[in-house]
Amino acid sequence: MRKDYNLEKRKFVIGGFIMAIVIIYIIRLVQLQVLDNSYKANADSNAFMEKVIYPSRGLIYDRNGNLVVYNTPEYDLVMIPKDVTPFDTIDFCNTLQISRTEFDHRWQEMKKSRNYSAFTQQVFMNHLTPEDYGRLQEKLYRFPGFYVVQRILRQYNYPNAANVLGDIREVNARDIENDDYYRPGDYTGDLGIEKSYESWLRGIKGKEILIRDATGKIKGRYNDGNDDVSPVAGNNLKLSIDIELQAYGEMLMQGKVGAIVCIEPKTGEILALVSSPTYDPSLLMGKERGKNYRDLVNNRLKPLYDRSIMAAYPPGSTFKPTQGLIFLQEGIITTSTVFPCHRGYVNAGLRVGCHGHGSPIPLKPALQTSCNAYFCWGFKYMMDKRSKYGSTGKAFEVWKNHMVSMGYGYKLGIDMPGESRGFIPNTAFYDKIYGQGQWVGQTIISDAIGQGEILATPLQIANLSATIANRGYYITPHVVKNIEGVGVLKKSLERHDTDIDKNYYNAIVEGMRMAVLGGTCTRANIPGLDVCGKTGTAQNPHGRDHSIFMGFAPMNDPKIAVCVYVENAGFGAAFGVPIGALMIQRYLRGNSPGIQAQGRAMASRHTIAYPKAKKTSATGNQADNHKKSNVKPVTDSNEGNKE
């Protein structure tokens with residue numbers, strides 16, 4: 001009999017179809033029973049309730065052991081929606097002293113959350129007052145499904161260092177998505193070290209497992225609490241900040257816009273990190289946090305903008321020591337090389353102004369008097385020395401790499417969020433503007449004196465001062481001195497050596513000392529402290545010039561390096577120098593009635609020009625605007641005659 005091949009094929013098709021159905025069922029069963037936890041969670045939630053126990057957040061101390069930030073308890077009202085049964089909403093609202101409209105609004109907003117689940121804990125109302133908590137505890141049994149959770153509230157012993165400390169806020173959907181530690185209603189660090197050290201400060205959550213009866217009522221702890229997990233408190237932090245010095249700096253900067261940065265040169269530890277205007281950190285806690293945060297955001301002076309590490313400014317004449325070092329390293333000059341100064345750099349129809357002093361002038365007196373012409377001539381000769389570099393572009397790359405080795409053009413790596421890299425242009429930048437091979441040293445002569453396209457943060461300028469104080473190296477600047485139980489982070493101990501021969505630093509140090517003894521920084525001449533300094537007066541197309549000071553002390557055993565940058569304050573000697581001198585004196589000689597009196601006098605001198613808001617750089621955008629408006633070299637400038 002002839003074989004029916006169609007029947008044979010049909011048998012395999014039907015068999016394959018049955019096998020496919022079996023495989024689909026097996027895969028689905030694996031998904032439901034192994035991979036998908038939703039049914040297990042639903043079942044467990046009927047029998048158990050897992051209560052989160054929040055750890056104590058790490059405390060924060062200053063370098064001298066003063067407690068700066070600590071915790072107090074606060075309470076949130078949370079709920080598990082599936083456990084909520086009908087209740088007297090009028091009584092509920094009266095107990096919490098909220099309206100029915102607010103109740104409905106909170107309920108709807110909670111359900112709109114991306115992380116809403118009827119089976120998990122949801123925050124209905126946070127930051128309960130002690131009075132709210134007391135009234136609610138008496139009636140909580142009337143509102144099934146609602147629970148009170150104890151959390152922590154940050155408290156501050158000092159109304160200072162808000163930009164350093166940061167604050168904590170409620171987590172958002174992105175936080176929860178990026179870190180499975182968080183759940184709705186949790187808090188996380190926001191700004192400052194609260195953010196950058198969040199993983200150490202927050203600790204490890206604990207949990208308490210409670211058992212329910214058939215009606216859902218809590219009957220006690222599951223397994224007599226043997227499966228509970230105790231929370232682990234966060235690590236305490238010891239800052240490198242001297243909170244008293246920080247407070248003194250904030251007082252000096254009252255009524256001014258700008259920053260002060262003080263560094264211990266040998267360690268890279270930041271002693272003070274002042275941004276002005278500032279605010280009381282306690283404003284960003286509790287029920288009023290949202291309102292206060294909006295007010296700070298809308299403040300036209302931008303107090304939330306940390307000018308000490310975020311603002312990129314023209315460094316002005318504080319840039320000149322770097323130029324002297326590069327010229328020495330590259331053999332463009334020796335310490336005895338002299339250049340002419342005819343009240344400025346005058347060459348081929350271009351004039352960069354300067355003030356009257358002896359001419360011709362060598363390196364150290366050029367630093368002492370802040371001579372613009374000296375550094376313009378040195379820069380021009382380096383950029384145009386084709387016999388050594390081949391082209392201006394290649395010479396500029398050598399120059400730029402030296403600047404990078406001294407901490408400019410890139411982030412220094414401070415242990416805080418939001419640091420700016422400043423700006424040091426490269427050859428490609430100028431090729432794009434002027435055309436390849438179409439520019440020479442004179443085209444970009446403003447770079448020689450810290451103007452033009454050059455931008456630096458106050459942190460970078462202070463770090464340069466520390467590098468000169470150390471004669472050629474710096475330690476990564478950092479604000480946390482120690483993490484309890486961990487120590488110091490390795491990156492905070494990294495040493496960075498510049499590519500300049502350390503022997504050349506002695507000439508720069510001597511020039512900066514001469515500036516204090518009989519040059520542009522005489523107001524920083526404090527008997528017995530051997531201060532070395534350099535002023536700067538940076539041109540500002542949006543208003544008055546910026547006042548800058550960079551210095552360190554003592555000369556041969558440096559314990560503090562400082563940068564002061566005051567926006568729209570005029571000459572470097574007018575505000576930068578006296579503020580810097582007071583910070584050095586306050587740190588090295590401690591508090592005294594005289595220092596306090598001088599501090600109060602400086603605090604009374606305001607530079608904020610409210611009627612000319614559009615001309616100030618208080619919004620923090622000054623650096624970008626400066627960059628756009630200074631593509632061409634300065635002509636007929638008076639830079640330097642205001643030092």
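Here, buried means under 20% relative accessible area and exposed means over 50%, with partly exposed in between (1.4 Å probe, protein chains only). By that rule, buried residues make up 53% of the 643 residues in this protein. The model is a predicted one, so local features need pLDDT of at least 70 and side-chain atom pairs count only at pLDDT 80 or more, while totals for chains, interfaces and linings use all residues. Residues are numbered from 1 along each chain as its sequence is written, and side-chain values use heavy atoms, with hydrogens and water left out.

**The overall picture**

The protein has 22 helices and 20 strands. These are DSSP runs numbered from the N terminus: helices are H or I with at least four residues, strands are E with at least two. Take the contacts (heavy atoms within 4.5 Å) between residues at least 6 apart in sequence: 74% of them join residues at least 24 apart. The accessible surface comes to about 28100 Å², and carbon and sulfur atoms own 52% of that. Areas come from the Shrake-Rupley method with a 1.4 Å probe, and for residues only the protein chains shown count as cover.

**Rings and charges**

How many aromatic pairs does a search of the whole structure find? It turns up 31. Rings of Phe, Tyr and Trp (its six-membered ring) pair if their centres lie within 6.5 Å; planes under 30 degrees apart are stacked, over 60 edge-to-face, and the rest tilted. Phe92 and Phe143 have ring centres 5.0 Å apart and planes at 90°, so this pair is edge-to-face. Phe92 lies in helix α3 (residues 89-96) and Phe143 in the loop between α5 (130-139) and β5 (146-156), so the pair ties together parts that are 51 residues apart in sequence. Phe92 counts as buried at 1% relative accessibility, and Phe143 is buried at 1% too.

Tyr430 and Trp439 make a tilted pair, because their ring centres are 5.3 Å apart and their planes sit at 50°. Both Tyr430 and Trp439 are buried. They also belong to one aromatic cluster, whose members include Phe319, Phe379, Phe396 and Trp399.

Charges turn up over rings as well, meaning that NZ of Lys or CZ of Arg is within 6 Å of the ring centre and within 35 degrees of the ring normal. Arg586 lies over the face of Tyr248, at 5.9 Å from the ring centre. The charged end of Arg605 sits over the ring of Phe575, 4.2 Å from its centre.

**Pocket and cavities**

Rolling a probe the size of a water molecule over the atoms shows where empty space is left. On a 1 Å grid over the protein atoms alone, a cavity is a set of points where a 1.4 Å probe fits but cannot get out; a pocket is an open set with protein on both sides within 12 Å along at least five of seven lines, and lining residues have an atom within 4 Å of a point. Grid points are joined across faces, edges and corners, and a volume is the space filled by probe spheres set on the points.

The largest pocket has a volume of about 920 Å³. Of the 35 residues lining it, Arg106, Val123, Asn126, Glu170 and Val171 are the closest to its centre. Which strand gives the largest share of that lining? That is β4, with six residues.

His127 lies in strand β4 and is buried, with a relative accessible area of 14%. Leaving out residues up to four places away in sequence, His127 touches Glu74, Tyr75, Asp76, Tyr187, Gly286 and Lys287.

There are four cavities of 30 Å³ or more, and about 200 Å³ of space lies in the largest cavity. Its lining includes Tyr54, Arg57, Arg151 and Tyr187.

Most residues other than glycine have a negative phi, and most peptide bonds are trans. Here are some spots that go the other way.

| Site | Feature | Angle |
|---|---|---|
| Ser276 and Pro277 | cis peptide bond | omega about 5° |
| Ala553 to Pro554 | cis peptide bond | omega near -15° |
| Leu191 | positive phi | phi about 75° |
| Asp530 | positive phi | phi near 50° |

Pro277 lies in the loop between β12 (269-276) and α11, and Pro554 in the loop between β19 (546-553) and β20 (560-566). Leu191 is in the loop between β7 (187-190) and α8 (192-196) and is partly exposed at 27% relative accessible area. Asp530, in the loop between α19 (505-518) and β18 (532-538), is partly exposed at 35%.
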